[in-house]
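Trainee: Please take me closely through one position and its surroundings. Then go on to the charged pairs.

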Amino acid sequence: MTPQHDFKHNSPTFGELVGRQGLCFYVPTYQRGFTWGSDQIERLFEDLFAGTDRVAAGDNPSTFLGSVIFFADKFAVEPNRPNALPTQVFHVVDGQQRLTTLLLVCSSLMRAAHQVRAELEATYVADSDPDPTTTWLREILKSVSDRLLGALHFDDGQSEDGYRFKPRMIRQASDIWGNTITDAQYESDIAWYLHEIATARAETSAYEPISVSPHRPHLRLALDAIESALDAVQIGEINCPALTELKFVTSDEACARLLDRPERAPVGPSLFSEPQRRGVRLATIASFLLTHVKVIEVIAPNEEYAFTLFEPLNTTGQPLTPIETMKPLVVQAEGGSSRFIGSPSAGHLEVVDRFLPEDLEPDQRARRLDALITSFALVERGEKIGRGLLDQRSFLRQPYETGAGMKIRDQRAFSHGLATTANFLNDVWDNDSPTMALLGNEPTHLCLRVLTATRHRIAIPLLVRFYERANETNADADIQEFRRVLRSVTAFWTLWRTALTTTSGIDSVHRRLIGEGHAETNLPCLARADTPHEDLPEAVEVQGALRGILLGKLKITSTEDWVNLVGAQSVYQTEKALARYLILLAHDDAIEDSESPGHCRRGARGCGPTLNVATWKANYSIEHMAPQSFNAADTTYERAIYDDGLVDRLGNLLLLPAGINQVIGNRSWPDKRVIYQVLSNSDPDKRQDGLKNAGLTNIGRKATELIESGDYMPFCQFVGSLPPDENLSADFVRERGRRLARLAWDRLWDDLSPTALGAPT
């Protein structure tokens, strides 16, 4: 007696596989949709051409397209309607991309072959001597067209017209085999397309083209690629001597191998008409597909065993992603495909799929996948895992592996955590317009934009932990806690990065916070496996840990310590996005310091807010007051600015629209000072007067119009008030840098304080 766990395997031809009476394929819901495009279809035809040449030469007659893994269970089809089901149902665990593509190739080959047959019929005169070559070819095309059509459906012989022909493949959840228009449902691309052909077949017009709606763009793309390849086959513009030259038609043996017809053509290929050439080529490629393309068919006794074969037998050349190898195990944990539908785990994986849509470019998909799994590993267990597929697969599969000892409640919590991380990345981190209900006000939203602009992805796990709680409870207190943590993390990152020349060590800080907590301030471990969201510490405890780490790392004992550190850095070179953020922080609600020309101080709250996303996203670029390149002929900039390395430091930087920045970039200081004055004037008439009275030279009409019409620029308001008879000095740049740093520090340190809320204090 055969043990239950054994599996059957054989190597049928594609024609044998899809030609079995009563056999249909069922694609489980956890499988990704049909994604093969022009590249894969082109490679498929290259394999067909290479195989055709081999057979024509008498070499190895078979082309293998890898393994396909099934388990047979017609009673696991949902909904189960026994009187409408095929005789045998194979659930497709691996191979649906290839099977779907080959079924589409069959449909296009069938139609092209029929079109050639129709042309030949038009030249076939019944009351005259039949053309022997046309007679020979008509019979071949009729035979191959019938086999191709049979590959697309099976005839149950009893249902309503159009529904008696069951599509050879459907997808779970979107399709239902039925006997009538009221109980059948064919919504997936492949099932819909095969049903449309079946309907045409029932109406005796089986070979008419099927119009594909724009709402099915991928199906149309695949069919276009297939039809383009078949057009090239027909005219012989392919890399396949057997099909271009057609010399094999003069050999009985070769015709038997390639056309399943044991006699040669009545004449040589040089005497073929154009339709005959096209017909022979189409019949040859169709016969080769049905007769010589083989698969390794593996039939497992059940779904669980099929999954164990899934990864080691994957031979498509495309490594399974960690998510794809996890999905079958999640399905099994929920009790199989039928119970998986509608389960909590199914909902979780739907969220993950939304973050990883099938139409993403491969590189972008790979980046998203890596960000999701590495972030989730930290969120879940405080673990650092690499980018290797083996490590990532092992991490995601472990809770579901046999012997893991986890209950379904814990497994669902695991998949829920993965979904929450995907949700955060999709709806918050990668979203240009995340909900303001979550972020609160503009300064908090700006913090998120700063983190994403600086690619500070190591902060994601900490944010996810507090986002998860806020998202689930929707309680005002929890939302406020998330905002506090977001503001704190941004302030911590900004202070750290702008005071140092390296990011070294900051990733370890975040990993320790998640995986261990912070013993010095009694912050507990933040990994979900150890601390569920209802037990998360308050944001004030996270702030305390971040402050302690910052003070210890940077050895800061006062504001001036940080001012000295950031003042010594070329922040423009260190991180341009954070240099922009420091400028915004320093100028938020700033007013002119009447006692120190050219400088500013903090004014009343709301008098000039700059911490908003609109300002951040505006077309501002960093302007160097003293140009980056030293010009010995221009003495309006003190040489010490360059000798002392001040040109890229905070004190020499401000923000201007990119277009204006290009206009004034290398002008002398007197010219720049006037332009700064004009841009910081809110009265358009005074702007025009200012430019006219300034006596600027070498400035064109377009540049003048650009400056006069430019937005109000608070970032250059104060330096424009410097005395007109003074050059730009190194002392001024140093002092301005120190003052701006202090103003920025006030805002940043506020965000690390226990009182940090939606607005800075």
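Mentor: Helices (H or I, at least four residues) and strands (E, at least two) are DSSP runs, numbered from the N terminus. This is a predicted model: local features need pLDDT of at least 70, side-chain atom pairs pLDDT 80 or more, while totals for chains, interfaces and linings use all residues. Residues are numbered from 1 along each chain, and side-chain values use heavy atoms, without hydrogens and water.

Start with Val542. Helix H22 (residues 539-554) holds Val542. Its relative accessibility is 1%, so Val542 counts as buried (under 20%; exposed is over 50%, partly exposed in between; 1.4 Å probe, protein chains only). Beyond neighbours within four places in sequence, Val542 touches Leu462, Phe466 and Leu523 (contact: heavy atoms within 4.5 Å). Ala586 lies 44 residues from Val542 in sequence and 25 Å away, C-alpha to C-alpha.

Now the charged pairs. The model has 39 salt bridges (a Lys or Arg side-chain nitrogen within 4 Å of an Asp or Glu carboxyl oxygen). Arg739 pairs with Asp593, closest N and O atoms 3.0 Å apart. That bridge links distant parts of the chain, 146 residues apart: Arg739 sits in helix H32 (residues 730-751), Asp593 in the loop between strand S11 (590-592) and strand S12 (600-602). Asp593 is buried at 11%.

Asp224 and Arg220 meet at 2.9 Å, N to O. Both are in helix H6 (residues 217-235), 4 residues apart, so about one helical turn separates them. Asp224 is partly exposed at 40%, as is Arg220 at 25%. Arg111 and Glu227 join these two in a salt-bridge network.

Glu263 and Arg261 also pair, at 2.9 Å between closest N and O atoms. Glu263 is partly exposed at 32%, but Arg261 is buried at 17%.
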